[in-house]
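Could you walk me through this protein model, step by step?

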Amino acid sequence: MIKNIIFDLDGTISKSASGILNAFEYALEKMGKSYQRDKLYEYIGPPLRDSFVKELGEDLADDGVYYYRKYYFKNGLFETSLYEGVKELIEDLYDEGFNIYLATSKGEESSKKILEYFGILQYFSYISGSSNDKNTKKKVIEHLIFENDLKTNESVMIGDRSYDIDASNELSIKSIAVAYGYGKKEEFENADFIANKPSDIKKIVMKS
């Protein structure tokens, strides 16, 4: 029986592409690196530094992260919106008595600001975000599970990328892939369930 619902943020709760891509563009332009905006979508979801290692190399990655954050915290943080029906979904799940958590590759403080901005922070029992010692999605989720003493067989991870699904499988947690986010169809092959829209998530959880 599912008691604990763990949400990803970007591409699952928030439609955040605009702010993220704008921040990547700002950083890459500052670093003198050419890019194609459409190809930057693959960096929505993975740990930030890993994305800059791929674009700039190990030696310049930290500079890329610096410029990204400089833009993102000033402008990009709120260049986002909620997916239609997500706020109602979270409110309904909370009212049904589920424990709601967030596991994201974003930093914890920026994640809290986004949830607060949309008026849903109060529904989340705990937020686990990326940091130097939590630099993979598996570590982010693992930290959340440990800190809250959650049972994996009572928990489900909801996300839009293979990073969410693969980490869940490694930790023996059920997963729901959301097809409305930024992931491609082939990323959902190992998910336990697929939700085509936010309202599908409640139906899946209530039956699990």
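Asp149 sits in the loop that links helix 6 and strand 6; helices (H or I, at least four residues) and strands (E, at least two) are DSSP runs, numbered from the N terminus. Asp149 has a relative accessibility of 69%, so it counts as exposed. On this scale, buried means under 20% relative accessible area, exposed means over 50%, and partly exposed is in between (1.4 Å probe, protein chains only). Although Asp149 is not a glycine, its phi is positive, at about 50°.

Before going on, a word about what you are looking at. This is a predicted model, in which local features need pLDDT of at least 70 and side-chain atom pairs count only at pLDDT 80 or more, while totals for chains, interfaces and linings use all residues. Residues are numbered from 1 along each chain as its sequence is written, and side-chain values use heavy atoms, with hydrogens and water left out.

Now look at Ser172, in the loop between helix 7 and strand 7. Ser172 is not a glycine either, and its phi is positive, near 60°. With a relative accessible area of 54%, Ser172 is exposed.

Step back into helix 7, which covers residues 162–170. Which of its residues are buried? They are Ser162, Asp164, Ile165, Ala167 and Ser168. These buried residues pack against helix 6 (137–147), strand 6 and strand 7 (174–178), where a contact means heavy atoms within 4.5 Å.

Strand 1 spans residues 4–7, and both of its faces are covered. Asn4 and Ile6 are buried on one side, and Ile5 and Phe7 are buried on the other. Two strands count as paired if DSSP finds at least two bridges between them. Strand 1 pairs in the parallel sense with strand 4 (residues 99–103) over four bridges, and it also pairs in the parallel sense with strand 6 (residues 155–159) over four bridges. Phe7 shows both pairings: its bridge partner in strand 4 is Leu102, and its bridge partner in strand 6 is Ile158.

Let us visit one more helix. Asp63 lies in helix 3, which runs over residues 61–74. Is Asp63 buried or partly exposed? Its relative accessibility is 38%, so Asp63 counts as partly exposed. Phe52 is 11 residues from Asp63 along the chain, and their C-alpha atoms are separated by 8.8 Å.

Finally, zoom out to the whole chain. Its secondary structure comes to eight helices and eight strands. The radius of gyration is 16 Å, close to the 17 Å that the globule rule gives for 208 residues, so the chain is as compact as a globular protein of that length. Here the radius is taken over C-alpha atoms, and the rule is 2.2 Å times the number of residues to the power 0.38. The C-alpha trace spans about 50 × 30 × 30 Å along its principal axes. Of the 208 residues, 51% count as buried. Among contacts between residues at least 6 apart in sequence, 62% join residues at least 24 apart.
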